[in-house]
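Student: I have not looked at this structure before. Could you take me through it step by step?

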Amino acid sequence: MDLTKASLLREMLTGTELGSRTTQFAHSLRRFTTRTGGLMLFGPAQDEPWHLTAHLDDELHRVGIDDIRPALIRWSPPPDAPPHLSIGLDRLREAGRGESLLVVAESTPADNLLERIDDVRRRGTTIFSIDNGSKDLAALSHESLVPGLLVPATFGTGWVSRPTGQDHDEPDHGRHAVPDEALTALREAVAGFEMTQHLVSLAVADEDLTQPAWRRRLRTFIERLSGEPV
């Protein structure tokens, strides 16, 4: 999903529990990461969170936030890996206060993953997680998102497209009509982990977390119309 579609999806979800929780989660991630370079992402060895790391990096770079650019922690980086992909487990041993570890685990976390997280937590690092509802991981996390609880299986059903130019006052027979482009974004979004990660990556780049939500949304809307940042 590209930035435009993800942004449309976020707007559609404004006011919903999914929209609110992913935004709160992302803003907490920003607030609790106070050390430069202190945002780390970690996950199972067989499913390292490349996807979210890349999106977070893109979004933070886009708005000029360079002090908390994310670092992907890898279980066993190859010796010829480029610097940004060669950060191994030693980085976790250096973690401490003012830093955040974001754990992404779609499957039930293994014991060795939980042990690493526990060690980092004991050093004062704030633990965030996006997972499947693991009680063990929840016990170690200061804040967590469980997409399966936020995104019901019926998400998106009942939405119908409104052809371009259709009168907004025309009846939609009880269904919630949305523009074709927005509906396409909704259908292409993968309910659950992928969609949640897109929403978090967008919200973490909100430029002024002290601004009221309506001001942030207005700013984003104006930028999209003008094509220039304001």
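Student: How many helices and strands does the protein chain have?

Tutor: The protein chain has ten helices and seven strands. Please keep in mind that this is a predicted model.

Student: How much of the chain counts as buried?

Tutor: Of its 230 residues, 45% count as buried. As for contacts with a separation of 6 or more, 69% of them are between residues 24 or more positions apart.

Student: What order do the strands take in the open sheet?

Tutor: Five strands form that sheet, in the order β2-β1-β3-β4-β5, and their pairing is parallel. β2 (71-72) and β5 (143-145) each have a single partner strand, so one side of each is left without a neighbour in the sheet.

Student: And how many bridges link β4 and β5?

Tutor: Three bridges link strand β4, residues 126-131, to β5 in the parallel sense. Ser 129 stands opposite Ser 144 of β5.

Student: Which helices pack against these strands?

Tutor: Helix α5, residues 111-122, packs on the sheet and touches β1 (39-42), β3 (100-105) and β4. The direction of α5 makes about 165° with that of β3. Helix α9, residues 193-203, lies across β3, β4 and β5 and runs at about 140° to β4.

Student: Let us turn to β3. Which strands does β3 pair with, and over how many bridges?

Tutor: β1 and β3 run parallel and are joined by four bridges, while β3 and β4 pair in the parallel sense over six bridges. Met 40 has Leu 101 as its bridge partner in β3, and Leu 102 stands opposite Phe 128 in β4.

Student: Is β3 covered on one face or on both?

Tutor: Both faces are covered. Ser 100, Leu 102 and Val 104 are buried on one side, and Leu 101, Val 103 and Ala 105 are buried on the other. That makes six of the six residues of β3 buried.

Student: Why are there two sets of side chains?

Tutor: In a regular strand the side chains alternate between the two faces of the sheet.

Student: New topic: which residues touch the most other members of the largest nonpolar core?

Tutor: They are Leu 18, Phe 25, Leu 52, Leu 102 and Ile 130, out of 28 residues in that core. At least two core residues come from each of α2 (17-32), β1, α3 (50-62), β3, β4 and α9. The element that gives the most is α9, with five residues.

Student: What is Leu 52 in contact with?

Tutor: Leaving aside neighbours within four places in sequence, Leu 52 is in contact with Leu 41, Leu 102, Val 104, Ile 130, Gln 197 and Ser 201.

Student: Finally, at what angle do α2 and α9 pack?

Tutor: They pack at an angle of about 55°, with their axes 8 Å apart. The two helices are therefore oblique to each other, and α2 passes α9 in a right-handed crossing.

Student: Which residues make that contact?

Tutor: From α2 they are Leu 18, Thr 22, Thr 23, Phe 25, Ala 26 and His 27. From α9 they are Met 195, Thr 196, Leu 199, Val 200 and Ala 203.

Technical notes:
Residues are numbered from 1 along each chain as its sequence is written. This is a predicted model: local features need pLDDT of at least 70, side-chain atom pairs count only at pLDDT 80 or more; totals for chains, interfaces and linings use all residues. Side-chain values use heavy atoms; hydrogens and water are left out. Two strands pair if DSSP finds at least two bridges between them. Contact means heavy atoms within 4.5 Å. Axes are lines fitted to C-alpha atoms, for helices over the stretch in contact, and angles run from 0 to 180 degrees between N-to-C directions. A nonpolar core is a set of buried Ala, Val, Leu, Ile, Met, Phe, Trp, Tyr and Cys residues joined through side-chain atoms within 4.5 Å. Buried means under 20% relative accessible area, exposed over 50%, partly exposed in between (1.4 Å probe, protein chains only). Angles under 35 degrees count as roughly parallel, over 145 as roughly antiparallel, 65 to 115 as roughly perpendicular and the rest as oblique. A crossing is left-handed if the near helix is turned anticlockwise from the far one by less than a right angle, and right-handed if clockwise.
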